Amino acid sequence: MAAEYGRKWDRCLADTAVKTVTGIGVGIVFSVLFFKRRTWPVSFGSGLGLGMGYSNCQHDFRSPYLIHGGMVKVSTTWKTCNFF
Amino acid sequence: MLRVCLRGVKASARKDCGRLRVIHLQQSRGYASGGSSSGASRVVFTGLLTVSGGIGGTVLYANWDPKFRAAVEKNVPYSDWLLGLALGPAPRDSGLPVRKRMESIQPPSMMEKQKKTSKVKSGKETAEPPAPESSQAAPSPSMQGKMMESIQPPSMMEKQKKTSKVKSGKETAEPPAPESSQAAPSPSMQEASAEATQIISAISEVQSVPAPCDSQAKGYHDVSFCPAAVSASLEDSLASTAQATLQAIGAQEAALQAITLHTDKLKEAMEAEAPSEEKSTQWKDLEAALADRTTSMSDAKAALLKANEALDALKGVIDSSKGLKVPAARPLVLAAEENLHRMMVDLDKVVSKVQSAESEAKIVAQYSELVREAKQQFQREVSSLTPEIQANWKGLAGKLSTDDLNALIAHAHRRIDQLNRELAEQRVREKVHIQAALEQQKLEDQRSLENAVSSALQHVKEEARLEQERKLAELREVIEAEMRTQLRRQAAAHTDHVRDVLKVQEQELRAEAEQVLSSKMLEQETRYRQLSQEQLDNFTLDMNAAYARLKGVEEAIDSHVEAEAAARKAHQLWLSVEALNYALKTAGAESPSMPLEDAAEAVRASCTDNDFASALASALPEESLKRGVYSEASLRARFNALRSLARRVALIDESHNTLYQYFLSYLQAALLFEKQQEAPPTQLRSEDLDPFKLLSYASYCLEHGDLELAAKLVNQLRGEARRVVEDWLTEARLTLETRQAASLLAAYANAAGLGSTQVP
């Protein structure tokens, strides 16, 4: 388990870094392309990347606790039948 | 008789003596005076005298009569010693005593013999004088016949007597015989030699019948029991007799020859008109022949005597051997008898020849005498007439003168006249003379006839007897042979019969025996079966017992084996459990132990029949089987690493699991310090459920080797911390489970092993 935890953190960080860099990159690209070399797309992209990474990381850490449930319709008529 | 009398006398003498002694003693006792001693002494003296007289008489009589001596020795004990002392040992066989014994043994026969001999002797004496020649001739052959007949009783003495008798008989028979028998010059040496060869062959025949015998004694007893001795004696006597006979015959022949020679010479001398010298030589020859004749006659006589002696001896021997009645010697005896007879016949023939020759010679002598007388007379006359003329007138015819011739013729005429006158006278008296001569001749003829007849009769009788005996012997042989064949036949029949009977018997016996055998066999079989049955029963019993024992033993062994198996199983289990434990121990620092599969398999294999153990064995968790379990030390070490991690994520749980929380928990972990190890309380309170406290408790437990408590405490963690230590917890749980199972198994194995140890 501990190794998993470590791995998780490695992944998380790696992922975040990648996303950040990617965001930066995209930002740079956008900034270059579309936003006349402004820095806001880079930061936007980095933030975007960071945020994505963070969210992934958190999701990764939270994953064990996530419950996947479904909605089940229950009819009341059957309940009353069961009382007989 | 004598003995009886003597015994009676002795007995009576003893009795009397005894009585006398008693009486005298009584008397002596009665008269107890001076006379008693003398009376007693007298009595004693008389008694002693009587006894000694009796003994002396007995001894003397025993000396004289050996039979009496033998009887006394037999009946009276110690008498033989006494008699031996007195007389010397009892007499045994010898020549004279034999005769005496013969005399003593057969007194009645002896008396008879003596009577006979006396009779014969008297007869002999009466026959001695030559005048009644006929009577002599009669008793002599009759005597001889008697003697022939009396051959049967055996006795040497008889033989001796007979010898003397026969000798004398022969002597008396000889002289009268030749006087009346005619001359018959016949014999030739060839005949004599032929007879001699006959006799020799007979002797050789007799000698060629050998019979082996050991004894060489010539005594009576020995001869009686041995045919060889008999034959030997026969042969000896035959040989001697034959020799003597031959000698006699030869002598007789010689005598005969001499006689004939003499007679011829005489005749020659009579008739021959030879010159004077020849005549004188003739006469000389004649005288020599006469001398020869006389000598030969005497020789012949002597030889004849000897031959007769020998013949008588032979006869005696034959008689004795005949009397012994030894069957084997009978043919010998027969042959000897035949030889004897033949010899006697030959001897008689020769003797008769000699006698005839002698008679002839006598006649010739007489004739010659007469002729000589006549001649001499004539000579005398002639010489008286013519004295100067020589004796031999035959050859003087030419020398005589006429006167002489005339004288001679005259003398011759005168002589013729005389002779005529004599002749006439003779003619006249011739009848008388002839009658007288006839008478004489008749007498002589009768005598000679009688002699011849007697001798011929004797011979014939002898021959007939011999023939009879021969026939008897032959017949006996034939009969014996026939008897033997019959006996053989009988024996054959008997053997056949016996064989048949034996066969029948054999069969019967066989059947019987078989029956007996079968019954015995049956018995034996039943017994055997019984025995075998018994044996079988016994055996069965034994077997059953043994089987039961065996069963018991087997059961015991089985139980032992089971116990041992159980023990072995337990051991195996224990071993496998030990292996399991060892396998558990093989966990390295960071690596788990080897997969416990094999060990678990071994455990499972070693406890197939044990549910408990198999349940336990199967209770081992799969993970431990496949992958093995970590050791406590590794868990401990890991926990230390995990502790920090668990501290870092202490705040994270289901609801608090953002990254910010992560940051905060990091911060808390960095800023919060708890005891590294803290002893957990026996009861957990709610505030003990703080992760940091729990971790310190767990750490303390771990440090003190209580993994279970540690695991329990760690199990209280919630949230992310729990998720973080989840692995460790499963591992710890695995280890704990495995260890628990192993320890249970070990305990069980120990218990089983302990239980399987047998009570001594």
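Predicted model: local features only at pLDDT ≥ 70, side-chain atom pairs only at ≥ 80, totals over all residues.
**Interface and aromatic pairs of chains A and B**

About 1400 Å² is buried between chain A and chain B, and carbon and sulfur atoms give 62% of that area.

**The contact between chain A and chain B**

- Chain A brings 12 residues to the contact, and chain B brings 19 residues.
- On the side of chain A that touches chain B, the elements giving two or more residues are helix H1 (2–33) and helix H2 (40–62) of chain A, and H2(A) gives the most, with five residues.
- The residues on that side of chain A comprise nine nonpolar, one polar and two charged.

**Aromatic pairs**

- Over all chains, a search of the whole structure finds 12 aromatic pairs.
- Among them, Phe30(A) and Phe35(A) are stacked, at 6.4 Å centre to centre with 25 degrees between the planes; Phe30(A) is partly exposed at a relative accessible area of 36%, and Phe35(A) is partly exposed at 28%.
- Phe639(B) and Trp728(B) form a tilted pair, at 4.9 Å centre to centre with 45 degrees between the planes, and this pair links distant parts of the chain, with Phe639(B) in helix H20 (residues 632–648) and Trp728(B) in helix H24 (residues 719–756) of chain B, 89 residues apart.
- Phe639(B) is buried, with a relative accessible area of 1%, and Trp728(B) counts as buried at 0%.
- In chain A, ring pairs join Phe30(A), Phe34(A), Phe35(A), Trp40(A) and Phe44(A) into a cluster.

Definitions and conventions:
Residues numbered from 1 in each chain as written. Chains lettered and ligands numbered in written order. Heavy atoms only, no water. Contact = heavy atoms within 4.5 Å. Buried area = accessible area lost by both parts, 1.4 Å probe. Helix = DSSP H or I, 4+ residues; strand = E, 2+ residues; numbered from the N terminus. Nonpolar A, V, L, I, M, F, W, Y, C, P; charged D, E, K, R; others polar. Phe/Tyr/Trp six-rings, centres within 6.5 Å; stacked < 30°, edge-to-face > 60°. Buried < 20%, exposed > 50% of the residue type's maximum accessible area, 1.4 Å probe, protein only.
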